[in-house]
Amino acid sequence: MSKRGRFLLILVVLGLCFVFLWDSLQWYAYTPKEDQALALSSLEKIKDYSTTKAAEDVNVLLGVANKDPDTGLVEKFAWLEKVARQNYKDMGEPVPAKMTVSAVLDSFSREDGLLEVLQSRYRDKILKDKQRYDNSVKLGLDLSGGMNIIVKADLDAAVAMQGDAVNSGNIAQFKKDAMAQAIETLQSRIDRFGLSDPVIRQQGEDRIYIEIPGAAQADSINAIIMGTGMLNFRLGDREATQAFNSYYEMNRGKNVFTASGALADPSIIPADDEVIGLYQKDAYGLDERIGYIVVKKEVAMDGSHIKSAEVSADPLTNKPEVNFVLDADGAAEFGEFTTAHKGEMLAIVNDGKAKFYGQISTAITTGRVSANGFGLEEAKNLQKVLQTAWLTVPLSVESQQVIGATLGAQAVKQGLRAIAIGLLSVFIFMLLYYKGAGINAIVAQVLNFYIMFSILSAFNLTLTLSSIAGMILTIGMAVDANVIIFERIKEELRAGKSRAAAITSGFDNAFWSIMDSNITTFIAAMFLSQLGTGSIQGFAVSLSIGVVSSVFTALVVSRLMFDFGTQVLHKDHMSISWRVK
């Protein structure tokens with residue numbers, strides 16, 4: 001490769017690495033701790049925070065407008081001027097010359113519009129931080145503290161529970177679907193109970209690995225994992241729903257609910273009713289509450305009677321609908337219920353959230369139920385909710401480990417100290433032994449770590465103590481390549497060759513020695529990463545990344561630096577040894 005080609009390749013690699021590392025830099029260096037805590041909280045908490053802060057801002061703006069309508073926007077709300085101007089243009093009205101607080105409020109046709117804009121700004125900021133974290137290098141539990149749990153799913157028991165519904169030809173697919181739904185159910189439960197950013201992934205065929213960073217109580221986690229969270233069907237109360245929604249609109253901003261979620265004034269609805277939220281997925285994949293409904297406390301039918309669920313198109317309207325099939329007992333139970341309550345409202349409730357609310361148009365006695373009146377995405381989401389009920393998988397906690405945050409902080413300091421001492425020792429040795437050429441090795445080492453962390457960030461890998469151990473090993477391996485090159489160059493210089501010829505011969509003669517040793521190490525690391533688990537896998541991944549980056553910095557970066565000194569700085573001699581002049 002030509003020198004210009006090597007230079008361009010280095011620039012491209014360093015540029016890509018900067019792009020990969022950008023989110024990690026933003027997250028760890030520039031995101032305040034309080035913003036990090038908020039971004040790592042559950043989706044429910046993020047929604048509650050955004051809604052609360054938006055309501056506070058609306059009250060502030062209304063208070064300022066009532067006190068002095070001609071007051072201008074303070075810096076915190078300056079961005080609303082652009083939104084207000086666009087609102088006036090959309091309404092076809094002239095834009096005020098001076099954008100006061102009152103003018104901004106008047107640009108919204110309804111108060112909810114301003115609330116939605118403010119809430120969206122808070123939500124987008126938090127979700128942007130959350131996305132930044134997702135794209136950054138993450139600290140493992142041994143560094144950040146928390147809990148890891150391995151849950152075993154009894155797939156054979158799940159198959160047995162289905163009876164004749166699963167034949168021998170589709171058992172494999174059933175187990176795959178059952179695991180996917182078990183993981184989704186656990187994700188929903190853990191997030192709903194306010195635990196921060198859990199990592200939940202399948203491990204092998206029938207195990208689920210869960211990481212929960214931060215402090216968590218083992219008993220609470222086990223209760224969440226082993227909880228049933230069953231789906232059920234409830235009868236809706238139309239009149240009570242209308243009465244509550246009217247009361248809620250008149251008392252918006254007041255404490256309609258207590259801290260535990262109960263009604264502050266229970267007399268609003270009948271004693272045998274309760275208020276629950278009606279939810280649908282928003283553009284971010286969050287459960288978004290679109291309103292409140294009142295349903296009977298008594299469960300009409302348990303979701304365990306659902307045998308299957310699928311999305312199809314209505315043959316007459318071609319609109320999406322969700323079809324689900326009930327077992328014999330469920331068909332009889334649901335038939336009696338729909339016959340008695342024809343024309344009334346039915347709610348499908350899952351984990352305390354209403355996922356569907358529609359009218360019972362006719363008595364359903366066949367055990368085949370169709371729900372319609374929504375878009376394709378809503379239909380798919382409802383199908384998942386129904387599948388969660390019928391793909392019941394017995395779960396058991398197989399192992400559980402709690403790691404304290406203090407231990408994690410200490411491990412981080414020890415790991416960073418080990419890397420710093422290792423690097424510093426190598427730098428001092430290379431400078432003392434190889435003089436000026438040691439600077440090339442130092443630059444190569446620095447870029448080596450830069451590339452390693454960038455790759456970790458690019459693939460959203462997790463940094464653990466074992467990963468740090470792999471990096472420390474890489475330090476020695478990376479400098480080993482430089483040592484081989486330098487010794488080859490010294491041999492050529494002793495033979496009487498010029499600086500340029502010695503560099504060319506030194507790199508050419510060292511190339512295959514370096515490649516052979518690093519390829520064999522890389523192969524071993526790849527096998528460890530595929531066959532190993534836990535800390536062994538983390539060590540192998542960081543080692544394999546380090547092998548690739550160290551070869552690149554030794555053969556490309558270091559070579560370019562030598563050529564720069566020869567051809568640009570026009571050096572005739574080389575500072576590479578105390579015994580070679």
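Below, we take the labels in turn and check each against its cut-off.

User: Before the details, what kind of model is this, and what does the protein chain contain?

Analyst: It's a predicted model. The protein chain has 18 helices and 14 strands. Of its 581 residues, 45% are buried. Among contacts with a separation of 6 or more, 72% link residues 24 or more positions apart.

User: Why is Asn-87 called buried?

Analyst: Buried means under 20% relative accessible area. Asn-87 comes in at 17%, so it counts as buried. Asn-87 sits in helix α4, residues 80-91. Leaving out neighbours within four places in sequence, Asn-87 touches Ser-107 and Phe-108.

User: What puts His-570 in the exposed class?

Analyst: Exposed means over 50%. His-570 is at 59%, so it counts as exposed. His-570 belongs to the segment after α18 (534-568).

User: What makes the phi of Lys-435 worth a remark?

Analyst: Most residues other than glycine have a negative phi. Lys-435 isn't a glycine, yet its phi is positive, about 55°. His-570 isn't a glycine either, and it too has a positive phi of about 55°.

User: Why is the pair of Trp-27 and Tyr-133 described as tilted?

Analyst: Two tests here. Rings pair if their centres lie within 6.5 Å, and planes under 30 degrees apart would be stacked, over 60 edge-to-face, with the rest tilted. For Trp-27 and Tyr-133 the centres are 5.1 Å apart and the planes are at 55°, so the pair is tilted. The count by this rule is 16 aromatic pairs.

User: What does that pair tie together?

Analyst: Trp-27 lies in helix α1 (residues 3-30) and Tyr-133 in helix α6 (residues 111-134), so the pair links parts that are 106 residues apart in sequence. Both Trp-27 and Tyr-133 are buried.

User: Which residues make up an aromatic cluster?

Analyst: One cluster is formed by Phe-429, Tyr-433, Tyr-434, Phe-486, Phe-507 and Phe-562.

User: How do you know that the charge of Arg-121 sits over the ring of Trp-79?

Analyst: The rule asks for CZ of Arg within 6 Å of the ring centre and within 35 degrees of the ring normal. The charged end of Arg-121 is 4.1 Å from the centre of the Trp-79 ring and does sit over it.

User: What makes β8 and β12 the edge strands?

Analyst: The open sheet has 3 strands, ordered β8-β9-β12, with antiparallel pairing. β8 (306-313) and β12 (368-372) each pair on one side only, and that's what the edge label records. Neighbouring strands are turned by 20° against each other on average, direction ignored. β9 and β12 share 5 bridges, one of them between Phe-324 and Val-369.

User: How do you know that both faces of β9 are covered?

Analyst: Side chains in a regular strand alternate between the two faces of the sheet. On one side of β9, Pro-320, Val-322, Phe-324 and Leu-326 are buried; on the other, Glu-321, Asn-323 and Val-325 are too. That's 7 of 7 residues.

User: What makes the span of α12 close to the expected one?

Analyst: Helix α12 (residues 328-340) has 13 residues and reaches 19 Å from first C-alpha to last, against 18 Å expected at 1.5 Å a residue. Buried residues of α12 include Gly-330, Phe-334 and Phe-337. Their cover includes β5 (231-236), β7 (287-302), β9, β10 (345-350) and β12.

Technical notes. Residues are numbered from 1 along each chain as its sequence is written. This is a predicted model: local features need pLDDT of at least 70, side-chain atom pairs count only at pLDDT 80 or more; totals for chains, interfaces and linings use all residues. Side-chain values use heavy atoms; hydrogens and water are left out. Two strands pair if DSSP finds at least two bridges between them. Helices (H or I, at least four residues) and strands (E, at least two) are DSSP runs, numbered from the N terminus. Axes are lines fitted to C-alpha atoms, for helices over the stretch in contact, and angles run from 0 to 180 degrees between N-to-C directions. The expected span of a helix is 1.5 Å times one less than its number of residues. Buried means under 20% relative accessible area, exposed over 50%, partly exposed in between (1.4 Å probe, protein chains only). Contact means heavy atoms within 4.5 Å. Rings of Phe, Tyr and Trp (its six-membered ring) pair if their centres lie within 6.5 Å; planes under 30 degrees apart count as stacked, over 60 as edge-to-face and the rest as tilted.
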